[in-house]
Amino acid sequence: MAFTAADVKTLREMTGVGMMDCKKALSASDGDMDKAVEWLREKGMAASAKKASRIAAEGMAYAAVIDGVGVVVEVNAETDFVGKNEKFVNFVKGVAATVAKEAPADLDALMACKYDGGELTVLEQQQEMVLVIGENIRVRRFARFDQGVSVAYVHAGGKIGVLVNLETDLPAEKVEEAGKDAAMQIAALNPRFWDKSQVTEDVLAEEKKIMMVQMENDPKMAGKPEAVREKIVLGKLNKFYVENCLMQQEFVKDNSMSVEKYIASVAKAQGGTITFKDAVRFEKGEGIEKKQENFADEIASLVKG
């Protein structure tokens, strides 16, 4: 039975085993997926292959600045307990160091990189961690900034990792506090946009439509002229910006000013310029479907056995 590149990819996703080993397994098994999984188990990859099918939605989001390069990564495990394990935390930091050093283009490229300070690839090191720790572990995503000044913030021991990137003519140490304040606000409020200039016409049109319908359904507003309602909508849109755009949000440490004005005030006090360029916020497990696992059933079956 022949097999395709898609079959290799599927086997890799099922087992967490490297591409070349997946090709070998499918070749040795004449393209039969079940036999290929069994072949991998027989070759000593049983634990990794078995655990890789289990959902990993815990773990750690981690951000750091390494040799001037800003990095944020998310690495998942099955339980919160493992997310606090020293070996796991060191693995996550090693992944971040690899991202900083190697500048991989995407996740596949990262997994093929040599893990920082070792001879194994990141994928091979990940498989080693599965065997050592006994849970499914998976590097999920990363982001990297190598321009400007980056400031990292990790919230609640790895629940959220934020990386803020600033453009400035000031030394990094003079903008770090402003960057951290912005990162903490991003962690806490999770704004949809960084600035109102990023809000698309489609989003604005949808918001205006909702606001107009709300006023039509409000007896106090329904009888007002359309021009008046349009003016009210514009005022409501300003509130939308304040609630959804970081730069226009009230600064949580001083609600007398916006985040944008706070950053400008820091720049003025330091005698330079600071421009917020970009940020990335990773929250561990976000977007992963967290359903009841067969993990408890597996343990129960072991007890019965």
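Residues are numbered from 1 along each chain as its sequence is written, and side-chain values use heavy atoms, with hydrogens and water left out. In this predicted model, local features need pLDDT of at least 70 and side-chain atom pairs count only at pLDDT 80 or more, whereas totals for chains, interfaces and linings use all residues.

**View 1. The largest nonpolar core.** This core holds 29 residues, where a nonpolar core is a set of buried Ala, Val, Leu, Ile, Met, Phe, Trp, Tyr and Cys residues joined through side-chain atoms within 4.5 Å, and buried means under 20% relative accessible area (1.4 Å probe, protein chains only). Among the residues that touch the most other members are Val-73, Phe-91 and Val-95. Val-95 is in contact (heavy atoms within 4.5 Å) with Val-73, Leu-110, Tyr-115, Val-122 and Val-139, not counting residues up to four places away in sequence.

**View 2. The packing of α5 against α7.** These helices (DSSP runs of H or I, at least four residues, numbered from the N terminus) pack at an angle of about 175°, with their axes, lines fitted to C-alpha atoms over the stretch in contact, 11 Å apart. The two are therefore roughly antiparallel (over 145 degrees, between N-to-C directions on a scale from 0 to 180). Residues of α5 including Phe-88, Phe-91 and Val-95 meet residues of α7, among them Val-122, Met-129 and Ile-133.

**View 3. The surroundings of Arg-281.** Arg-281 is buried, with a relative accessible area of 13%. Its side chain reaches the backbone oxygen of Ala-187 at 2.9 Å, and a polar contact (N or O atoms within 3.5 Å, one able to donate a hydrogen and the other to accept it; residues adjacent in sequence count only if both atoms are side-chain atoms) of 3.1 Å joins the side chains of Arg-281 and Glu-283.

Conventions: Buried < 20%, exposed > 50% of the residue type's maximum accessible area, 1.4 Å probe, protein only. Parallel < 35°, antiparallel > 145°, perpendicular 65-115°, else oblique.
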